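Colleague: Could you take me through this structure step by step, so that I can see how each conclusion is reached?

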Amino acid sequence: MTEARRIVVKVGSSSLTTAAGGLDADRVDALVDVLAKVRDGGEREVVLVSSGAIAAGLAPLGLHRRPKDLARQQAAASVGQGLLVARYTASFARYGIRVGQVLLTSNDTSRRAHYRNAYRTLDQLLDMGALPVVNENDTVATDEIRFGDNDRLAALVAHLVRADLLVLLSDVDGLYDGDPSIPGTTRIAQVTGPADLAGVSIGSAGKAGVGTGGMVTKVEAARIATAAGIPVVLTSASHAADALAGRDTGTYFHRTGRRSADRLLWLAHASTPRGSLTLDDGAVQAVVERHSSLLPAGIASVEGEFTAGDPVELRDLRGRPVARGLVNFDAKEMPRLLGRSTRDLARDLGPAYEREVVHRDDLVLLHG
């Protein structure tokens, strides 16, 4: 942990705001104090993934709790995002640190060109000495293109910027083997793999009631990051300094896998399929076992409304998802392609149809 040079830190709404809504300036300043110290000397870089936009906008709009409807959530985010970034800008300015705002939706990052743009922006901000503050673009995100929670977003950003460490800050000081409010439960200091969590009851509700995540989303974020070769520390915001100094605090998730192509991680965890393609047994074998591209000859049926470049789910004849990929054709074009060879299609429809429906470089297998 102490050797990590590029660190992604995620902080939840409950660590920045009051239950009634509105930013807690003292909490924001306390977090900034810690992050500024981490950056002191210029040897370590920090990307901050910050929740709190919707929560910060509640009180100014006269809302007493987080609204359930999307329109009012977007309105609250619109007001709160400006307040959130202004507060960070002022607080980091005390240390001469510039802040750069980066707002993302999953639609921005599951497509090839868009994820490259996201990486270039974040990398350039870091190279220029700025501290990126990343949040989901709640003002325009719809249910179909949401990350769902900033824990998952943080895991994906950590992979995108090639981070050495992900720190998840919450209102709970780690993962426990039960409800931490019940006497007798103990903190789990380290997780080396999924087997360590067998039988552990993981709660889903936060105490403050202003966020969307919970321990379930944090453990899932840790799973995504560690599978991509990035260790994770989960602890409370009040213990952030200890976590970033490498002291024993919270729960440390060991890396379980190796770094893969950035875009494929986004495709697997941040994209929402716009349709599905059912494959015959031969095509399933080619895609899953031989890691081949998907050709039209192996597709039995198509569902959904999608356009070229959209993510789609690939299913076997029993309806089980086996992969996800970016499709090269519109849904309305697909019926006349099914079961036909690319050579025949090129002869009848033109050379533009002599290609894969999903290229293997745009395809990720789904396990389990």
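Predicted model: local features only at pLDDT ≥ 70, side-chain atom pairs only at ≥ 80, totals over all residues.

Colleague: Is the crossing of α1 and α3 left-handed or right-handed, and which residues of α3 make the contact?

Modeller: The crossing in which α1 passes α3 is right-handed. On the side of α1, the contact is made by A25, V28, D29, L31, V32 and L35. Facing them from α3 are R87, Y88, S91 and F92.

Colleague: How many residues of this contact are nonpolar?

Modeller: The residues that join α1 to α3 include one polar and two charged ones. The remaining group, the nonpolar one, numbers seven.

Colleague: Turning to N135, is this residue buried or exposed?

Modeller: N135 lies in strand β4, which spans residues 131-136. Its relative accessibility is 2%, and a residue counts as buried under 20%. N135 is therefore classed as buried.

Colleague: With which side chain does the side chain of N135 make a polar contact?

Modeller: Among the residues that N135 touches are S50, Q81, V102 and N150. With S50, the side chain of N135 reaches the backbone oxygen, at 3.3 Å. The polar contact with another side chain, at 2.9 Å, is made with Q81.

Notes:
Residues numbered from 1 in each chain as written. Heavy atoms only, no water. Helix = DSSP H or I, 4+ residues; strand = E, 2+ residues; numbered from the N terminus. Buried < 20%, exposed > 50% of the residue type's maximum accessible area, 1.4 Å probe, protein only. Polar contact = N/O pair within 3.5 Å; in protein donor to acceptor, adjacent residues only side chain to side chain. Contact = heavy atoms within 4.5 Å. Left-handed = near helix turned anticlockwise from the far one by under 90°. Nonpolar A, V, L, I, M, F, W, Y, C, P; charged D, E, K, R; others polar. Lists of a residue's contacts leave out its neighbours within four places in sequence.
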